[in-house]
Every structure is written in structure tokens, then in C-alpha cells.
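Student: I have a structure to go through and would like to ask some questions about it.
Tutor: Go ahead; here it is.

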Amino acid sequence: MTENEKSITYKETGVDVRAGNEFVKKLPSIVNPTFDKNVINGIGDFAALYSLENEQLSNPLLVSACDGVGTKIKLAIDTKNYSGIGQDLVAMNINDLICTGAKPLFFLDYLSMSKLNIEEHSKIIESVALACKKAKVSLIGGETAEMPGIYSKNDFDLAGFAVGLVDRLKKLPKEIKSGDLIYGLPSSGPHSNGFTLIRKLLELEARDKVADLKKSLMTPTRLYTVFAQDTVILSICSGFAHITGGGIVDNLPRILPKGLTAKIQLDSWGIPSSLKWAIKSAHLSQNHALQTFNCGIGFIAVVPINKSEEFEIQSKNINEPVVKIGEIIRGNELEIIGTLNID
């Protein structure tokens, strides 16, 4: 290198290795409390190790799920509210995973941004760790990446990966048949779907209403692990469905055998105010609303009719509100009855 040639460091291009190392040093105190007895090593190794020797299953299957938070992240950035975004991430993965009847084991996150902000981005990992504790899953690893040029200013993205375990003979769905009842578990709002539309609606909303709307819309995605991991509930149910993008009309059919469909009574449940606002503000038809949002139902359980009373009693015992929203019928197209309670 000649005297006229200037060295260009990694930091000068936007990637601060020292800040990254400081961030990593903070992680053990955040994630270690999520560890269970199966975690072999902590944060810092090239890969995480997790033992299955304590999981005694006769015919074990590993179950995996991968998902992100989507453009709800833009709302988190706008409001600087990172307290629940980690639960959005964990729930979007774990709620998928438990639809198989699996026990969640461990979780990994991927956090990428334009420039690392140790204080703010630590809050995001703390939010992920707190949600992992709620879901009783170990946060055993992840990745943080500074990518200037891909992201701008305060932008970041958040994705995750979960692994669980289920006995092959007990995996769901199983033996769903005509006459089974369909129960819905309430959502807390839009969860992590439909936010590209929601953000557009916020741009058109009166300024004096936007702050309260954003606060309501940032309510985290509900975790349904307590319900779906309850041994009595698992012994009763024939199938679970996580209601995410595509709503009930796209997600419930994913667990139904050929020749069976569902009859859904739309006016049998209430809808959170944030979703009422979004549906009415967008002037969505009922069909479009059902395919865009969860419309107040975040999770579904299919229950044999002769076990419905036992199911309702146990749901009450574990403080999980459920509402009967329909039944399994013969056919190939969903039958929708009534209208959504948006007024």
C-alpha cells in the first residue's frame, strides 16, 4: 500500500465488529434462563447441542418450523416498542409446531439490521427469551447480522426456527371425522398477519387516533402452548390449526382429510377492536376479511362430539377460553354461515 492509498476498515463500511462482540457478551445473561436440562452448551460455540436422552418416546419424530414477524416490525420501529415483538416471533413458530401435537424443545432466532444498536436490539432478544420461557422452550442459539446496504436507517428483520418432538403414534391430526366439533381459541388481535394492509390504513387514519391504534395493534401474538401441551387436551383432540395468513378459510382445511370440510358459524365469537377497525377501515368484504385476518380466532381444536363436554371442562380448568364455532361435515368446500361481529 502506497502513502496515497487509504486503508478502508470494516467499521467504515458500516459493520462494527467490536459492537457485535459486546452484544454477544450480553446474551448469556438473557438466554441462559430459558435452558432446560437437555441443553449441552451455551451461547458462543459454533453450533448448539441439545440432548434427547431425557425424552423417552417409543417412536420419536422431530418436528420443525420456521417463520418471521413480517411487516409488523415496521410498526415496532415506528413506536420503538420492542417488548412484544419477540413473542410474535416465538408464537408464529411454536403455534405452528404444536399443531402436530409435538412438544417444543428449542428455538433459534435470526436478527439482522442496518446498524447494531446494543441497547435497542438487546430488548428484542430479551423479548424473544421471555416468550421462550412462557412457551417452555430453550433459546439455544441464533445469529445477529449487520447488513448496511440491505437495510436502511433503523430497519431490522427478525426470523426464527423451532424444533420439537412427537411420538409417531400420537401425532396430529388423527381420525378427524364428520360430526366432530370445531372450537376456536381467541386471538389477541391481528397477531403477525396483515400488517402491510394495516400500515396503509394507518396512513389514512386521523392523526389523533393513530397513537392509540398503534399501541393496540402491537399487542403480541398469543402463545397457545399451555392449551396444546395439556395432556388431557392432547388425549381428546383430533386436530389443531394455527390461524395465520389466509385466515380460517385457508388454514383449517390443511388438517382435514379428503372428502371432509367444515361448517363455520361466523357470529359465534367476538372480534378484537383492532381487527374490527382494520376490516371496516379497509371496507373489506367478508370473504376478503376471512382470508386476510384471523378475524378473532387464533387457534382451532377439532374435538369428537362424544368428548366435547370433557374438552370444555378441561379448557376451563386450565383457564383457556374456547368457543364452539362449527363442525366437520362431508364435502370439499367450507360452508360459512352468519356474519362477522364487526359492528
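Tutor: A residue is called buried when its relative accessible area is under 20%, and exposed when that area is over 50%. Keep in mind that this is a predicted model.

Student: Are α5 and α6 roughly parallel or roughly antiparallel to each other?
Tutor: Two packed helices are described by the angle between their axes and the distance between the axes. For helix α5 (residues 195-204) and helix α6 (residues 207-217), the axes come within 11 Å and cross at roughly 165°. Angles over 145 degrees count as roughly antiparallel. The two helices, α5 and α6, are therefore roughly antiparallel.

Student: Which residues of α5 and α6 make the contact?
Tutor: The crossing of α5 past α6 is right-handed. On the α5 side, the contact is made by Phe195, Ile198 and Leu202. On the α6 side, the residues are Val210, Leu213, Lys214 and Leu217.

Student: Is serine 315 buried or exposed?
Tutor: Serine 315 belongs to helix α12 (residues 308-317). Leaving aside neighbours within four places in sequence, serine 315 is in contact with Phe227, Ile233, Glu320 and Val322. Its relative accessible area is 0%, so serine 315 is buried.

Student: Is glycine 149 buried or exposed?
Tutor: Glycine 149 sits in the loop between β3 and β4. Its C-alpha is separated by 7.2 Å from that of serine 114, 35 residues apart along the chain. With a relative accessible area of 76%, glycine 149 is exposed.

Student: What is phi of lysine 153 near?
Tutor: Lysine 153 is also in the loop between β3 and β4, and at 74% relative accessibility this residue counts as exposed. Phi is positive here in a residue other than glycine. The value for lysine 153 is near 50°.

Student: Is the peptide bond from leucine 172 to proline 173 cis or trans?
Tutor: Proline 173 lies in the loop between β4 and β5. Omega for the bond from leucine 172 is near 0°. The peptide bond is cis.

Methods: Residues numbered from 1 in each chain as written. Predicted model: local features only at pLDDT ≥ 70, side-chain atom pairs only at ≥ 80, totals over all residues. Heavy atoms only, no water. Helix = DSSP H or I, 4+ residues; strand = E, 2+ residues; numbered from the N terminus. Buried < 20%, exposed > 50% of the residue type's maximum accessible area, 1.4 Å probe, protein only. Contact = heavy atoms within 4.5 Å. Axes fitted to C-alpha atoms, helices over the stretch in contact; angles between N-to-C directions. Parallel < 35°, antiparallel > 145°, perpendicular 65-115°, else oblique. Left-handed = near helix turned anticlockwise from the far one by under 90°.
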